[in-house]
Amino acid sequence: MPGPQTLALKHEDVEERIDLLFYRPLGAALTRWLATTTVTPNQVSVLSAIIGGLGGAFFLSDRLAVNLLGMLGFVLANLLDSVDGQLARMKKMTSRLGRILDGVAGVAIFGSIYLFLAIRLSRDAGWPALLLGTLALASQACQNQMADYFRNAYLSCALPSAKGEFDSPDDAGRLHEQAQKKGRWYERVLFRIYRDYTWRQELMAPRTARLHRRLASLPPAERAGAAEHYRSLSRPLLPHLAWLATNVRMLVLFAMLFAGVPEWFFPFNLVLLNVALAVVVALNERNSQRVLAGLGESR
């Protein structure tokens, strides 16, 4: 029988190596303890945002020793980000609201890091540093949302038993409408953000969205064959989604801080990682089209 840590993972196929080797084992120990308390996953998400947001201020300094405190703050915030998801799955408290809150917490953490780093760089470079910081943050938001999209597409299309969190704009729109009628003010705000988020994802990956809808309409036997086809095509691409997510870029930032060249971080996001985004989207969309073609759908 799988242990608690295994049960708390989404699926090993979509887990990043750094998470499996570092954040998940540490997070699992903390999760097991929190599972015996009344602490909720959403409370952990909020704490993660607070710690990460405050930690971003340490990147304002030119002193590496101070930056190390910011790095420590980020690692702790990222650890808690791992814990909230594990705790939600362990306590069977997963929800769309929790998923949205987790995403907003991530944006708050990175928003803080980019803000203070841009202010720091603007001392020498002036307002262009602030502009680059804003564009780099927007790029990261786009890159992160597509990494999340293709991971959940894999879980939903290739491994339906893994229960990926794959919502269409229509699904998110219905959640938003329900929140408008019965939800608290923050639920209305968060579900509006989520509706727009899913719309941007489908805009960038329309074939993958079409494949998900098509698979949902198939009888089980036919769907199983198409799901296996999609898995064989998409599984080799999963490790490359790490370039669009959190861990790799933060390791790069830490390396640049140690090397004394933090001014390279924003161009790294804007150029190299956006090229990676374009390649990842193109390859995943190609795979979705191949599965659709196997089901008799033309372009």
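Visitor: How many disulfides does a search of the whole structure find?

Guide: A disulfide is a covalent bond between the sulfur atoms of two cysteines. This is a predicted model, and a search of the whole of it finds zero disulfides.

Visitor: How should I read a helix, and which residues of H7 are buried?

Guide: An α-helix has 3.6 residues a turn, so residues three or four places apart point the same way. Helix H7 covers residues 169–182, 14 residues in total. From first C-alpha to last, H7 reaches 20 Å, close to the 20 Å expected at 1.5 Å a residue. Its buried residues are Pro169, Ala172, Gly173, His176 and Ala179. Viewed down the axis of H7, these buried residues fall within an arc of 120 degrees, so they line one face of the helix.

Visitor: What do the buried residues of H7 pack against, and what does the face turned away carry?

Guide: The buried residues pack against helix H8 (185–204). The face turned away from the buried side of H7 carries the exposed residues Asp170, Lys181 and Lys182.

Visitor: How many aromatic pairs does the structure hold?

Guide: For an aromatic pair, one reads the separation of the ring centres and the angle between the ring planes. The structure holds 10 aromatic pairs. One of them joins Tyr149 and Phe150 edge-to-face, at 5.7 Å centre to centre and with 70 degrees between the planes. Tyr149 and Phe150 are both buried. Phe265 and Phe266 form a tilted pair, with centres 6.1 Å apart and planes at 50 degrees. Both of these residues, Phe265 and Phe266, are buried as well. They also belong to one aromatic cluster together with Phe74, Phe110, Tyr114 and Phe254.

Visitor: Where does Asn269 lie, and is it buried or exposed?

Guide: Asn269 lies in helix H12, residues 265–294, and counts as buried at 0% relative accessibility.

Visitor: With which side chain does the side chain of Asn269 make a polar contact?

Guide: The partner is the side chain of Arg249, at 2.5 Å. Leaving aside neighbours within four places in sequence, Asn269 is in contact with several residues, including Tyr114, Ala136, Ser139 and Gln143.

Key:
Residues numbered from 1 in each chain as written. Predicted model: local features only at pLDDT ≥ 70, side-chain atom pairs only at ≥ 80, totals over all residues. Heavy atoms only, no water. Helix = DSSP H or I, 4+ residues; strand = E, 2+ residues; numbered from the N terminus. Expected span 1.5 Å × (residues − 1). Buried < 20%, exposed > 50% of the residue type's maximum accessible area, 1.4 Å probe, protein only. Arc of directions from axis to C-beta. Contact = heavy atoms within 4.5 Å. Disulfide = S-S within 2.5 Å. Phe/Tyr/Trp six-rings, centres within 6.5 Å; stacked < 30°, edge-to-face > 60°. Polar contact = N/O pair within 3.5 Å; in protein donor to acceptor, adjacent residues only side chain to side chain.
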